[in-house]
Amino acid sequence: MDLLQSLARFLDRPLFPWKRLIVGFSVGQYLFEGFLSLRQYQILKEKKPPKVLESEVSQEVFDKSQAYGRAKAKFGFVSSLYGQAQNLGFIYYDVLPKLWALTGIWLARYAPAQYTAEIPHTLLFFFTFNVITTMLNLPTSYYSTFVLEENFGFNKQTLKLWVTDMIKGQALMVVFGVPLLSAFLAIVQKTGNGFFYYLWLFGVGVQVFMITIYPIAILPLFNKLSPLEEGPLKIGVEGLAKRLEFPLKELYVIDGSKRSAHSNAYFYGLPWKKHIVIYDTLIEKSETEEVVAVLSHELGHWSLSHTTKLFGISQFHMFYLFALFSVFINNRSLYESFGFHREFPIIIGFILFSDALAPMDTVVKLLMNILSRKYEFQADEFAVKLGYSKELAKSLIKLQIQNLSTMNADWLYASYHFSHPILPERLGALGWVSDEKTSDARKMDAEQPLKAADREL
């Protein structure tokens, strides 16, 4: 505690150039990530697939995958530049202090006196800021869904569904944001310098609550969960769960095809009661044993305690974030650098603290991706020990082709961005030797791609 207070006094120096420092962090990160993207773009111009995939991927599929990768990369260059321009514009034109003052004027004019305190003011500021950023990001969101994904056959959303999802998302932001943000601010206000202990305990409670409430109250707003029908797949999955002593409560199929061709399979729930969810698109495009192989990989994460370890790491990360926040929360020089000379709102301090922490977040992201890729190899090895080596490899290859996923990656780009190993690395670890062309485009119906979600496999 004394160490944190000493650090807080050391960092609170009059006229310290916090704004220039944070702008420098932002520009430096943008340039670094742009450099990595340029390295990856050179890989996306290659004409031949990696050696391990030569007998699996037709030239037509490989060319289309490379074209899709280049299209996403070009969009990434533009969207990241647009995002960086937004960020610098907000800083240069003092958007935060101006918006804080404006929302304060609205409350003074139109709200009863009891609603002009910091918590109501923060709520109005936060939701106004969220609406502004959402509107600013509509063009890139629309292009990504209805131009980029549409051109390669992945998008299944209608404009009406896209708008409806956005409205539901904003409504959920209000329903959950008001009590959670109010509690966050109240804890900081009422618990003194040691607020971060209580804030951390509150964060743990919120995470457990969301794990419980998400599939019951939130997921059904966007997708339909149906019990998996009786048949070989259900028998296979239940047999796998019993074999591993996995506490399976329910098996569901989710209508992922309602929005896109994304595919995934995952589990959720409390330690003593788990539910498995399989995307309808995965069932449609895979053999029964291949779906079971995918789930053997996912349950490998559970059996090897990966989910528990990652949860523990996330708790440590959250604790040290809140502890460091206590160092910056009363830093007048930080507030004043960004135009706050009379008021020092907690939410503004947290936003500026997050910006100042950007270099450390970059390192944490790199380390977490390294750990995640290690866990993916271990989960693959777990599936191999269960006897699913061939089926898992075939499933990975099919998904790679149907997703038009990148067949290869620059090592530095992959180290920084990828939480999963690239396919050639995974096939090599699986000891895959092709006995037939699993991915022949004529057999795989390449006109109906199946796109994987970020955490698939």
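Visitor: At roughly what angle do the axes of helix α3 and helix α6 cross?

Guide: This is a predicted model, in which local features need pLDDT of at least 70, side-chain atom pairs count only at pLDDT 80 or more, and totals for chains, interfaces and linings use all residues. Residues are numbered from 1 along each chain as its sequence is written, and side-chain values use heavy atoms, without hydrogens and water. Helices (H or I, at least four residues) and strands (E, at least two) are DSSP runs numbered from the N terminus, while axes are lines fitted to C-alpha atoms, for helices over the stretch in contact, with angles from 0 to 180 degrees between N-to-C directions. The axes of α3 (residues 59-92) and α6 (residues 138-151) come within 12 Å, and they cross at roughly 170°.

Visitor: Which term describes the direction of α3 relative to α6?

Guide: Angles under 35 degrees count as roughly parallel, over 145 as roughly antiparallel, 65 to 115 as roughly perpendicular and the rest as oblique. The crossing is at roughly 170°. That makes α3, relative to α6, roughly antiparallel.

Visitor: Which residues of α6 make the contact with α3?

Guide: Contact means heavy atoms within 4.5 Å. On α3 the contact is made by Y68, A71, K72, F75, S79 and Y82. On α6 it is made by T140, Y143, S144, L148 and E149.

Visitor: In what order do the strands of the open sheet stand?

Guide: Two strands pair if DSSP finds at least two bridges between them. β2 (residues 248-254) and β5 (residues 273-279) pair in the parallel sense over 6 bridges, whereas β4 (residues 265-270) and β5 run antiparallel, also joined by 6 bridges. The pairing in the sheet is mixed, and the order is β1-β2-β5-β4.

Visitor: Which strands stand at the edges of the sheet?

Guide: An edge strand here has a single partner strand, so one side of it is left without a neighbour in the sheet. The strands in that position are β1 (225-227) and β4.

Visitor: How many of the 7 residues of β5 are buried?

Guide: Buried means under 20% relative accessible area, exposed over 50%, and partly exposed in between (1.4 Å probe, protein chains only). Strand β5 is largely enclosed by the rest of the structure, because its buried residues number 6.
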